[in-house]
Amino acid sequence: GPVLPTDPTDPTDPTDPTDPTDPTDVVEVTADGAAGTADADIFLVDVAAALADAAGTNYQPFVTGFDVAQDVLRLDLPLADAGITTLAQLDGQQGVAVQYDPFANLTLINLGNDANGGEVVTISLVGIADASAVEVQII
């Protein structure tokens, strides 16, 4: 594929939050979690890699600062599906379960079990109650 620039001073770098032509930030959701910025964010989750993990890396991150008005959750699932545009539509598809936890005030996305003894792979969207308001891209 194309090599993406990584120079933070390069205005063509898509990961550069100061880029005036594309203020969208790509935020990689690691096992340690991720936090949104004030700009529009694309939260990138490599679900396929998390499910394939056999090393015991528990992938259960918390995502904070997700803004339903401008942010997108981009999930790299085994099957791409452009027809799914909200988190609510993803519930029940490809083994994914989505539910709101009113006690913790977060939406829990259960993506299935990984290859290391079936440890659960989840993402928690902190402060998000309505899965139908969360825009997703299934790649």
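I started at Asn110 and looked up its bridge partner in β8, which is Thr122. Strands here are DSSP runs of E with at least two residues, helices are runs of H or I with at least four, and both are numbered from the N terminus. I'm working on a predicted model, where local features need pLDDT of at least 70 and side-chain atom pairs count only at pLDDT 80 or more, while totals for chains, interfaces and linings use all residues. Residues are numbered from 1 along each chain as its sequence is written, and side-chain values use heavy atoms, with hydrogens and water left out.

Next, the strand pairing. β7 and β8 run antiparallel and are joined by six bridges; to call two strands paired, DSSP has to find at least two bridges between them. Six residues sit between β7 and β8 in their hairpin, and Gly117 in the turn has a positive phi of about 70°. I then checked β6 (residues 97-101), which pairs with β7 in the antiparallel sense over five bridges. Val98 stands opposite Ile109 of β7. The β6 and β7 hairpin has four residues between its strands, and Asn105 there takes a positive phi near 55°.

Which residues have the most contacts inside the largest nonpolar core? I found Leu73, Leu75, Leu87, Ile109, Ile123 and Leu125, in a core of 29 residues. β3 (41-45), α1 (47-52), β5, α2, β7 (106-113), β8 (120-126) and β9 (135-138) each supply at least two of its residues. A nonpolar core means buried Ala, Val, Leu, Ile, Met, Phe, Trp, Tyr and Cys residues joined through side-chain atoms within 4.5 Å. Buried is under 20% relative accessible area, exposed is over 50%, and partly exposed is in between (1.4 Å probe, protein chains only).

Beyond neighbours within four places in sequence, Leu73 is in contact (heavy atoms within 4.5 Å) with residues including Phe43, Phe66, Leu87 and Ile109.

Phe43 and Phe66 have ring centres 5.5 Å apart and planes at 35°, so I logged the pair as tilted. The rule takes Phe, Tyr and Trp rings (the six-membered one for Trp) with centres within 6.5 Å; planes under 30 degrees apart are stacked, over 60 edge-to-face, the rest tilted. Phe43 is in β3 and Phe66 in the loop between β4 (62-64) and β5, so the pair ties together parts 23 residues apart in sequence. Buried or exposed, these two? Phe43 is buried at 0% relative accessibility, and Phe66 is buried at 7%.
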